[in-house]
Amino acid sequence: MLSRFAKSLILVIFAMFMLTMIALVHPPSRSYIDPWTGQLFGEGGVEKMFNSKAGQQKEIKGVEGGVIMGKLGNATVKAALGRATWKLLQVHIHTMTLRYPEKPTADERGALESYFYLSSRLYPCGECAADFQKLLKKYPPQTSSRKTASLWLCGVHNEVNKRLRKAEFDCAHLSDEYDCGCGDEPVSEKPAAPAAAVPHTDDFGLDRLTGADMIRGGR
């Protein structure tokens with residue numbers, strides 16, 4: 001017959017064995033509940049949610065789709081819009097691609113592509129926007145580098161020139177035509193001008209540092 005002590009020892013050993021097996025099959029979670037907010041932190045909780053969102057890039061909505069605006073029936077407004085857009089294209093958009101990074105990141109490439117696709121949906125003249133969408137479908141935006149983007153835009157610009165029976169632009173001289181003179185260096189404040197030097201004088205009655213007349217004593 002086993003003694004009471006032996007039975008207790010066997011039960012303790014068996015209980016420890018069972019707890020060890022449970023821990024191996026279901027390891028304890030390193031999470032905890034905030035007693036103030038009730039949120040679960042640690043594995044599977046708030047931290048997991050934050051980590052999953054950290055690597056996600058925010059997707060730009062509305063890039064894909066058809067033309068949003070309707071047909072622009074007012075011929076006067078349509079002509080004025082065309083002239084304004086032509087000026088915008090010649091100055092702003094060409095300069096934008098010429099200022100585009102030489103080695104753009106994935107985010108910068110996506111931003112430029114989205115700009116053109118969103119413009120093709122939101123342009124106020126619906127029929128003009130439809131033509132632009134056809135151009136983008138035939139010639140998708142090229143954004144791998146500054147040169148690629150600027151030459152792509154110039155080519156698309158010339159496709160519009162052909163349709164409007166206008167002279168084609170020489171894409172080889174884009175940088176000369178649309179040079180903004182701003183350079184590639186970041187904008188910085190102008191250094192402060194150095195203080196003007198005090199002229200040298202041999203007059204011992206003047207202060208050598210400031211040039212001011214010194215107070216003279218006398219009898």
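Predicted model: local features only at pLDDT ≥ 70, side-chain atom pairs only at ≥ 80, totals over all residues.
**Helix α3 and its partners**

Two packed helices are described by the angle between their axes and the distance between the axes. Helix α3 spans residues 75-98, and helix α6 covers residues 146-163. The values for α3 with α6 and for α3 with helix α4, residues 106-122, are set out below.

| Helix pair | Angle between axes | Distance between axes |
|---|---|---|
| α3 and α6 | about 160° | 8 Å |
| α3 and α4 | roughly 155° | within 12 Å |

Angles over 145 degrees count as roughly antiparallel, and α3 and α6 are therefore roughly antiparallel to each other. Their crossing is left-handed. On the α3 side, the contact involves Trp86, Leu89, Gln90, Ile93, His94, Thr97 and Leu98. On the α6 side, the partners are Arg146, Ala149, Ser150, Leu153, Cys154, His157, Val160 and Asn161. Sorted by class, the residues of the contact of α3 with α6 comprise eight nonpolar, six polar and one charged.

The axes of α3 and α4 cross at roughly 155°, which makes α3 roughly antiparallel to α4. This crossing, too, is left-handed. Here His92, Ile93 and Met96 of α3 meet Leu112, Tyr115 and Phe116 of α4. The contact of α3 with α4 has five nonpolar residues, one polar residue and no charged residues. Ile93 of α3 is named in the contact with α6 and also in the contact with α4.

**Disulfides**

A disulfide is a covalent bond between the sulfur atoms of two cysteines. The model has two disulfides.

One of them joins Cys154 and Cys171, with the sulfur atoms 2.0 Å apart. The torsion about the S-S bond of this pair is about -90°, so the disulfide is left-handed. Cys154 lies in helix α6, while Cys171 belongs to the loop between α6 and α7 (174-177), so the link ties together parts that are 17 residues apart in sequence. With a relative accessible area of 1%, Cys154 is buried. Cys154 is also among the α6 residues that meet α3.

The other disulfide is formed by Cys125 and Cys128, whose sulfur atoms lie 2.3 Å apart. The link of Cys125 and Cys128 is right-handed, with 60° about the S-S bond. Cys125 counts as buried because its relative accessibility is 1%, whereas Cys128 counts as partly exposed at 27% relative accessibility.

Key: Residues numbered from 1 in each chain as written. Heavy atoms only, no water. Axes fitted to C-alpha atoms, helices over the stretch in contact; angles between N-to-C directions. Helix = DSSP H or I, 4+ residues; strand = E, 2+ residues; numbered from the N terminus. Parallel < 35°, antiparallel > 145°, perpendicular 65-115°, else oblique. Left-handed = near helix turned anticlockwise from the far one by under 90°. Contact = heavy atoms within 4.5 Å. Nonpolar A, V, L, I, M, F, W, Y, C, P; charged D, E, K, R; others polar. Disulfide = S-S within 2.5 Å. Buried < 20%, exposed > 50% of the residue type's maximum accessible area, 1.4 Å probe, protein only.
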